[in-house]
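Dear colleague,

I am handing over the structure below, and I would be glad if you could look through it alongside the notes that come after it.

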Amino acid sequence: MLKNGLLKRAAAVICSAALILHVGGIGRNSTSCAESVSVTISDEIGLVANLFCVADGNSADHAALQWETTLSADSYTLYRSTSPDKNFVPVYTGNGNSYSDSDMQTGQTYYYQLKVTSKGKDSYSSVKELTPCSLPSGLSTYDNQKGSSLVYETSGYKVGNTYYNYSLKSHSGTNDIYLAETTSTDGRRFGNERNVADSSQNSALSSCKIESVHIDYIPEKNKVVVWAHWEKPSGYSDGKALVITGTPGGQFTVHHVYNPLGIQVRDMAIFFDDDGAGYLIAAANKEGQGANATMYIFRMNDDYSDVTEVVKTLFEDQYREFPNLIKKDGYYFLFTSQAAGWYPSSGAYSVTDDLYGKWSELRSIGNTSTFSSQSGWIVNMQDKNYLMHAYRWLRASTTSGTTLCPLYFDNGFAFYDYYPYFKYNTSTGDLYPVQQGELLSQDRPASSSLASKWSNSPAKAFDGSYQSSFTAIGDYKKWPFYLQVDLGQVCELANIQTSWYICKGSEGYYTYTVEGSPDGQNWTKLLDHTNKNSEEVTKTYGFNSDMLSGKARYVRLNVQNATLQNNPTNNWYTPTVYEVRVFGTPVGEAAKPEPYLDIDFENDTGMLALNGNANVKQDAEKGKVLYLDGTDGTYGAFPAGMLDGLRDYTISMDIKSESEGNFFTFTAGRDNEKYVFFRVAKDLFRFAATTNSWRDETELICELNGTEWHNYTLVVSGADTKLYLDGKEVCHTTETHGQLADMGSGTSCFIGKSYYADDTCFKGSIDNIRIYRNALNASEISEAFKVHGDVNADGEFNIADVVTLQKWLLQKSGTQLKNWKAADLNADNKLNVFDLMLLKREYINIR
């Protein structure tokens, strides 16, 4: 029995608001004791944290965290605290590289630290802090879905009391190029256009085309600098640079139309360092290479009118283009895109602390298609926030021509992600991304109709990483297919973002629908993206962001096909999806699943018809049970067609086996070519599924003592199959390619009978048969096996559980709650002294 002093001490601690813990926030993964902050910081880890809003909200009260590392990470653990140096509690553990925090209060400061576990060693990021706040006034909204323009209070370069604006233009009906200067007294209304440089200075401007234009003003030298890619009106064979410099309101000079140092250059950027040195960064090529094969960094002369040397060549034979260089916190970040013509391509960056020194390898950033765009230039918002300004060259007229992604930096790492909208102020630098709701789908149970290896399982499409993917096993690939996620609760859905596989040179667009279901059985179509007469379908590659409306617990992405731009009638893609993110708002608990069939043999055998010597008899442990003696013709049969068309189902029963050899304990299918079955022998469990007989079975095998009573719960969700033994998962495969839905109608279903004539019938006892026409999740299965008050999950409720909860509330080092729900006796999703008192009372009552 616990002493009253201990209870008083616990009560005193728990009265602190910091320790009245909302379990919904910490129970998402695992609950353990609080930890102090690590003061040893690794320079190989980057962690960024930003606030974001939910649509129509007036507060930035959600957090998005992203991380990267150059370590070979085995797992990540993200900690959160309301103290800068203690009480850090894990809120995420896994292999993804992002996390969304929706359990925040305005005005409270939160601190985050990431632990990277690599080869048995733990390393830590620096601590990031966020304070949710109300949105300031004066914000504009940018629409990434339909498109809009950034709003600036003023534009141009202010020199004295005059604003100057510059652009390269053509006269109507000609291919010429000239540099136009306009002026303004307020930075809003510009006029007085002046032609300051044209073909009169260089005849190459009389007929040409210009791309990759970069115009900058250097205040220290009062100089306007223009560099651009020059080509003849047709073709791209010249690879020349146009160079113009001049003084605002004064003289301008066309210095060159040339190949710098004899090198062809195309996509380019200019960069000016803190010491005033200027650099040209250009997609170029060494002799014998194709265009844009290698990235060059040139140093400019003092007046920026020419280059003097090659500083560095990077990414040789990797065909990167659209460079942009920015310096942040002492690091130089060079962003580039994969060369892919006008199609979306993957973005990447390299980083160094010395332009002349060693650069990192290319690091992936964003998703595989830069969110259906091409990585572009960087928008600097008063040195406070940054945006990646990416271009959508190929798009529907109703969608945005640019994708602007909030861009964040830490410790030599860079990050950007997609938001449908964001609120901003270019004058103050304020930036608040907007999602359509909470991220509901990350790390939730996922499945697919297609078999996949564990390393590319459906879970990889919902793990918070754009670099991992669901990919079907090549031998079993087929179209259409689906991906499905169980949100665990009923949610009002708002947005689904899908990052697709895209192949350079064979880019494809996808046709698909999205369905929702409250129970995994009854489905409603929420979105139809299959109309090939729609530009939004046929001109969106690599990434889709679709608005949704409707309530559902389960969300299913039904992918019909991919149409490849260079071979529209031959889809050779292996079904692959990198990431699916579902956003919305939880609105209610999911209904408790009800079995389609529930037989306990206490009164009758329900829908199970007995054959041969099958009978119900009394068992010393279980009461009335089904007994099969193993003789020929002794089995139970369910009505034909009971499981027809199912891809998701759960079979649960208690079994005590006396069998050996070849037999089926449970089976469903057509014959010995198409079936699923499991057997419980004296020493093992074996599951198999096939549509091509024994030659091509998917297997699950688990060694056990089958001669004792155990509950066996088999959960099938598409190609995902799990076995739970007495409520605990013991084996799992994502490679189930033989599925009931592919076996036609009129399938049979037996207890104790095999489809193979030479097999024996099952011998043993069976009780509590339950069949569900949906896939139960782990919590729904384990709930029936949990012992009330068993917080340490050892299968018993005793004094050890009371002591464990007390230690956890007092934050004793090393204390873990393996089953926090068993401690929440108040049923309020909080753990506090009141639960401890109730737990103590229950322990006293059972003594």
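The notes below take up a nonpolar core, a helix and a loop residue in turn.

Please bear in mind throughout that this is a predicted model. The largest nonpolar core has 42 residues, and those with the most contacts inside it are Phe-638, Phe-678, Phe-685, Ile-751 and Ile-769. Strand E49, which covers residues 648-657, supplies the largest share of this core, namely four residues.

Helix H5 runs over residues 799-809, and its buried residues are Asp-801, Val-802, Thr-804, Leu-805, Gln-806, Trp-808 and Leu-809. At the start of H5, a side-chain oxygen of Asn-798 comes to within 3.0 Å of the backbone nitrogen of Ala-800, while just after the helix Gln-811 adopts a positive phi of about 60°.

The loop between strand E56 (728-733) and strand E57 (748-751) holds Thr-736. Because its relative accessible area is 2%, which is under the 20% cut-off, Thr-736 counts as buried. The side chain of Thr-736 is joined to that of Thr-721 by a polar contact of 2.7 Å, and, neighbours within four places in sequence again left aside, Thr-736 is in contact with Ala-451, Phe-687, Ala-689, Thr-698, Gly-718, Ala-719 and Thr-721.

With best regards

Key: Residues numbered from 1 in each chain as written. Predicted model: local features only at pLDDT ≥ 70, side-chain atom pairs only at ≥ 80, totals over all residues. Heavy atoms only, no water. Core = buried A, V, L, I, M, F, W, Y, C linked by side-chain atoms within 4.5 Å. Buried < 20%, exposed > 50% of the residue type's maximum accessible area, 1.4 Å probe, protein only. Helix = DSSP H or I, 4+ residues; strand = E, 2+ residues; numbered from the N terminus. Polar contact = N/O pair within 3.5 Å; in protein donor to acceptor, adjacent residues only side chain to side chain. Contact = heavy atoms within 4.5 Å.
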